[in-house]
Amino acid sequence: MLATWTAVLMVVVVPGIIVAFTPAPPTHVWLGPLAITTAGGLRYAWIVGEGYRRLVEMSFWVFTYVFMGLAPLTQLRMRVDPATSPRIDPALVWTAIVIVLIGLLAFFGGLVAARKLWSRLATSRFTRVTNPRINLVRTLVLSLFALIVNAYYISKIGVGTLLESRSAVSERGQDVLGESTVASIIVAVAMMTLLVSFIAIVKYWDAAQRPDKALIIVIVVLGATLLITLNPISSPRYLFGTAALAVAALFGLFSTANRFRFVALSAVAALVLVFPALDAFRYSSSAQLKTSSPLESLTSPDYDAFAQINNTVLYIQNHGFTDGKQALGVLLFWVPRSIWPDKAFDTGILLADSRGYVVKNLSAPFWAELFINGGWVLLVLGMFALGLVAGVQDRKIEIVLRASRSPSVFACILPFYLIILMRGSLLQAMPYLLVIVGCAVFVTDWRRTANGGSI
């Protein structure tokens, strides 16, 4: 029953409201995003009704439904381009729609493959999942390192600046840290080591039968520093949202199927109604709302992802595929430009430069990143691989949540950071991802359990 009503709401009611309150365009190209909302809404309803806590899939489909469905549906019917991405070529809209749909089919194929893989390996060590134990010594080492890096970062930026606005932090960061690769790594390390340390130490406290009371001091210090460094005023919305949801997951937000359902149903509304409001402190410490209605929000630069797929198609028509150059820049993001002057820039910047846009900070959704690097073949392979990983990880997360109030350290963060990866650009997202993965591996005790499963 819940799945049925979720499907009605997401497939019929919400798109129907957009169609009813927007003018009819001269062409029927808006039917493409309507097909995307239908596919995404039906799968999302299935996840909600099923009750298994598919955290990774939830993030994927909520991004797809809003950014690839509702937003372009509104923009195409109102014939309005995001302000930062004007002059979108209408002749390429159908190609962009097909790219999204082919990617969704490949992703779903990866989910099917994950189910079959899991079934075939049901009796193997691969599927013997337990909640990984936390190594206290390494966690304390990481915590000390995180506090030292954050002390350096805060001393450079200033506590007052951190409580002003995003633009103030950005300008101050450029002055004291520069715009180099090293600077971006410093910021990523400062934020993500702190988040991983806090999650790990709390998980250790929960699992320990007689934890040392002195750990409370460590938890409080880490939590307070995390709140200062990743506060909702000066932090990018995606990073603050990732940290907030990761901490909520740590404290049991997904400990029951009903809690998961509540979050899943709230997530769509949050991305449409709350997400634009979280940018209110971008230029001032006083909240400044940019839009007055959900329809207006869906045409704002916040929802430019579909437009960038269109621009990706135009770029390829004019310049050809990059043949992996953009992907190589992502993999080797840590190499300074002083050593590698020809290193690729963010795909969003590449697209902005090709169109002559003033604003360079544009998104480059995962579909665009794959397509610009390797065309249809890489698009299918990449989305299939993403579906395979999502299917396997969600099964592991569900098994852990049946015995614990929270998933592993990595799984507390990954599902929500996925939205950043999906929106892009990948070059901007990679430093944070690498720090998350590296720190999660470092604090985890990988010894084997008695039944042979790794923990």
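Which residues does Tyr 44 touch, not counting residues up to four places away in sequence? The legends below start there, and every view comes from a predicted model.

**View A. Tyr 44 and its contacts.**

**View B. The largest nonpolar core.** This core has 121 residues, and Tyr 44 is among those with the most contacts inside it, along with Phe 60 and Trp 367. Helix α3 (residues 55-78) supplies the largest share, 15 residues. Another core, of five residues, lies apart from this one, and its members include Ile 88, Ala 352, Tyr 357 and Leu 362.

**View C. Helix α4 against helix α13.** Here α4 (residues 93-120) packs on α13 (residues 305-319) at an angle of about 110°, with the axes 9 Å apart. That angle makes the two helices roughly perpendicular, since 65 to 115 degrees counts as such. The crossing is right-handed. From α4 come Val 93, Thr 95, Ala 96, Ile 97, Ile 99 and Val 100, and they meet Phe 306, Ile 309, Asn 310 and Val 313 of α13. Sorted by class, that contact has eight nonpolar residues, two polar ones and no charged ones.

**View D. Ile 233 in its loop.** Look for Ile 233 in the loop between α9 (215-229) and α10 (237-250). With a relative accessible area of 24%, Ile 233 is partly exposed, because buried would mean under 20%.

Notes:
Residues are numbered from 1 along each chain as its sequence is written. This is a predicted model: local features need pLDDT of at least 70, side-chain atom pairs count only at pLDDT 80 or more; totals for chains, interfaces and linings use all residues. Side-chain values use heavy atoms; hydrogens and water are left out. Axes are lines fitted to C-alpha atoms, for helices over the stretch in contact, and angles run from 0 to 180 degrees between N-to-C directions. Helices (H or I, at least four residues) and strands (E, at least two) are DSSP runs, numbered from the N terminus. Angles under 35 degrees count as roughly parallel, over 145 as roughly antiparallel, 65 to 115 as roughly perpendicular and the rest as oblique. A crossing is left-handed if the near helix is turned anticlockwise from the far one by less than a right angle, and right-handed if clockwise. Contact means heavy atoms within 4.5 Å. Ala, Val, Leu, Ile, Met, Phe, Trp, Tyr, Cys and Pro count as nonpolar, Asp, Glu, Lys and Arg as charged, and the others, Gly among them, as polar. A nonpolar core is a set of buried Ala, Val, Leu, Ile, Met, Phe, Trp, Tyr and Cys residues joined through side-chain atoms within 4.5 Å. Buried means under 20% relative accessible area, exposed over 50%, partly exposed in between (1.4 Å probe, protein chains only).
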